[in-house]
Amino acid sequence: EVPAASEDAEVSDPPDDASISGAQHFAIDPVASSVTYRAYEEFFGRAINTHAPYTLPIGRTSQVTGTIAVALTEAGLQIEPTEWLVNVRSLSSDDARRDRAIQRNYLNSDEQPLARFVPQAVTGFPPDYAEGELATFNMTGDMTIRTTTRPVTFDVDAVLAGDVISATATTRLNMPDFDVY
C-alpha cells in the first residue's frame, strides 16, 4: 500500500501555452508536502504485519516536485496533464536496512531515481463546489515506477483557498504490477 500525500501547494506562474481556459497553475511545495508509503512485509516468506495494520512500517520523503493546472468549469474540475516527480532515493523509514532494500533492490533507485505521476482526469468532483469547502473526488493518471507505467487512481480530499490547494491523495499499489518483486 502506498498512500501519497501532498499538502499546501502554492500558485506558480502559468505557462504561456495553458490549454484549459481560465486554468490556475499550482506548484507542489516540498516544504509542506510529502509522499508516504506503508509496506506489508514478509520475513522468510511469512507476512509479519498482516494482523496489526497500525504497525505497518511507514516511509516518507518531501522530495516531491510538480505542478497542476486546474479550472472549475460547468463540466466540473478540469485538469491539464502535468508531471509530478518523487525522488525514491530519498525515501526513509525507521529502518535503514528496509530503506536500502526498497531503494536499491526493489526500486532500483541508482538507475531510476524518480517515480513519475501524470494526472489525466478527475471524476466525482462535487458539481456545487464552493471555494474553501472540502471536496472528495478521484484523480486518475499514469504512474511510472522504474520503467513500467500503469494507470492509477487516487482518492483525493482537497480544499482550494485562494492561491493554495491543500490535499491528501491516497492509493494502493501492488508493486508486482510495476515489475517490482
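Is S34 buried or exposed? I started my notebook with this residue, and S34 turns out to be buried, at a relative accessible area of 17%. My scale for this is under 20% relative accessible area for buried, over 50% for exposed and partly exposed in between, with a 1.4 Å probe and protein chains only.

Before going on, I noted that this is a predicted model, where local features need pLDDT of at least 70, side-chain atom pairs count only at pLDDT 80 or more, and totals for chains, interfaces and linings use all residues. Residues are numbered from 1 along each chain as its sequence is written, and side-chain values use heavy atoms, with hydrogens and water left out.

**Entry: around β3**

I placed S34 in strand β3. Helices (H or I, at least four residues) and strands (E, at least two) are DSSP runs here, numbered from the N terminus. I found β3, residues 34-38, mostly covered, with four of its five residues buried. The S34 side chain makes a polar contact with the side chain of R60, at 3.5 Å. For that term I take a pair of N or O atoms within 3.5 Å; within protein, one must be able to donate a hydrogen and the other to accept it, and residues adjacent in sequence count only if both atoms are side-chain atoms.

Next I looked up the partner strand: β3 and β6 (residues 58-61) run antiparallel and are joined by four bridges. Two strands pair, in my notes, if DSSP finds at least two bridges between them. R38 has I58 in β6 as its bridge partner.

I also checked L56, in the loop between β5 (46-47) and β6. L56 is buried, with a relative accessible area of 6%. From L56 to Y37 I count 19 residues in sequence and 9.4 Å in space, C-alpha to C-alpha.

**Entry: β9, β10 and β11**

Here I followed the bridges along. Strand β9 (residues 84-87) is antiparallel to β10 (residues 114-123), with four bridges between them, and N87 has L114 in β10 as its bridge partner. Seven bridges then join β10 to β11 (residues 134-145), again antiparallel. F117 stands opposite M143 in β11.

V88 sits in the loop between β9 and α1 (96-106). V88 is buried at 7% relative accessible area. Its contacts, leaving out residues up to four places away in sequence, are Q103, L107, S109, Q112, P113, L114 and A115; contact means heavy atoms within 4.5 Å. V88 and L107 are 19 residues apart in sequence and 7.4 Å apart in space, C-alpha to C-alpha.

**Entry: the core**

Which residues have the most contacts inside the largest nonpolar core? I wrote down F137, M139, I145 and V156, in a core of 37 residues. Two or more residues each come from β3, β7 (64-73), β8 (76-80), β9, β10, β11, β12 (148-161) and β13 (164-171). By nonpolar core I mean a set of buried Ala, Val, Leu, Ile, Met, Phe, Trp, Tyr and Cys residues joined through side-chain atoms within 4.5 Å. In soluble globular proteins, nonpolar side chains tend to be buried together.

I145 touches L107, A115, L173, M175, F178 and V180, not counting residues up to four places away in sequence.

**Entry: positive phi**

I finished with two backbone notes. R146, in the loop between β11 and β12, has a phi near 60°, a positive value in a residue other than glycine. R146 counts as partly exposed, at 25% relative accessibility. D179 is in the segment after β13 and has a positive phi of about 60° although it is not a glycine. D179 counts as partly exposed at 38% relative accessibility.
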